[in-house]
Amino acid sequence: MLFFRSEERAREWCRERGQPLGPLVSVAQLWALATTWYSTRLQENARRPQPDEMREIFARLGLAGEFWDPRSDRFGPAA
Amino acid sequence: MEFDNQVKLAVYGHFARTGRRPAPDEIAAAVGADGAAVIDAYGRLRAQRVLVLESDGSSILMAPPFSGVPTQHIVEAGGVRYHANCAWDALGVLAALHQPGMVHSRCEQSGEPLHLEVGQDGPAHSDWLFHCLVPAAHWWDDIGFT
């Protein structure tokens, strides 16, 4: 989960490592993810979003599809 | 409060105050327990994906969004310098602290530095991008790689 200056720089990085280009997320979308995940992290009642919530959160931010589905098995076991 | 939750709050409080990982005996002193009990709690918190530990089982590698070791994602807030585990967590540190601050990182391909100001309501406009390589279903298969 890395920063890139542009889509082209991200494409170059993936190409050089033989990796597929994954989704590119804007800084505004990333802030929404960060606050959703971490805004209660220092509190006694902190909780992380559960898988069904995660799917809804991602979809609300325009991050849809199997890549963002925490229950998807389409990608198989990690290499 | 349940013991594991006390340990978790002590760990996160230490990171928030100091920007660095606590030693088990610092947490033991904070919660009034012995070091062995704290390390046992670390293991349970690892199973809950609250902490990621180094191979010694007692050093905190990650207490997301905080990193226990130096990374290229540096966050400054309230006079404290933090390291984050990834781009997402760099913003996550400020979201957790509820403080404005600065995120310093880099383009992973070109090395161009990123200096992102983040206010109480979020970051200034930026056309930088965040790339996610690992599908969500596999983030915790190897959280270090993710």
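This is a predicted model: local features need pLDDT of at least 70, side-chain atom pairs count only at pLDDT 80 or more; totals for chains, interfaces and linings use all residues.

Biologist: Which strands form the open sheet, in what order, and is the pairing parallel or antiparallel?

Modeller: The open sheet has 3 strands, in the order β1(A)-β9(B)-β2(A), and their pairing is antiparallel. At the edges are β1 (2-4) and β2 (24-26) of chain A, each of which pairs on one side only. From one strand to the next, the twist averages 40°.

Let's zoom in on one pairing. Strand β9 of chain B, residues 129-131, joins β1(A) over 3 bridges in the antiparallel sense. Here you can find L2(A) opposite H131(B) of β9(B). A helix belongs to this picture too: α2 of chain A (residues 27-38) packs on the sheet, where it touches β2 of chain A together with β9 of chain B. The direction of α2 makes about 85° with that of β2(A).

Now for the surroundings. The largest nonpolar core has 53 residues, and those touching the most other members include L30(A), A34(A), L91(B) and F130(B). Helix α4 of chain B (residues 87-97) gives the most to this core, namely 9 residues. Both domain 1 (3-61) and domain 2 (73-123) of chain B give residues to the core, so it lies between them.

Notes. Residues are numbered from 1 along each chain as its sequence is written. Chains are lettered from A and ligands numbered from 1 in the order in which they are written. Two strands pair if DSSP finds at least two bridges between them. Helices (H or I, at least four residues) and strands (E, at least two) are DSSP runs, numbered from the N terminus. Axes are lines fitted to C-alpha atoms, for helices over the stretch in contact, and angles run from 0 to 180 degrees between N-to-C directions. Two residues are in contact if their C-beta atoms, placed from the backbone, lie within 7 Å. A nonpolar core is a set of buried Ala, Val, Leu, Ile, Met, Phe, Trp, Tyr and Cys residues joined through C-beta atoms within 7 Å. A residue is buried if 20 or more other C-beta atoms lie within 10 Å of its own, exposed if 12 or fewer, and partly exposed in between; C-beta atoms are placed from the backbone. Domain bounds come from an automatic or database domain assignment.
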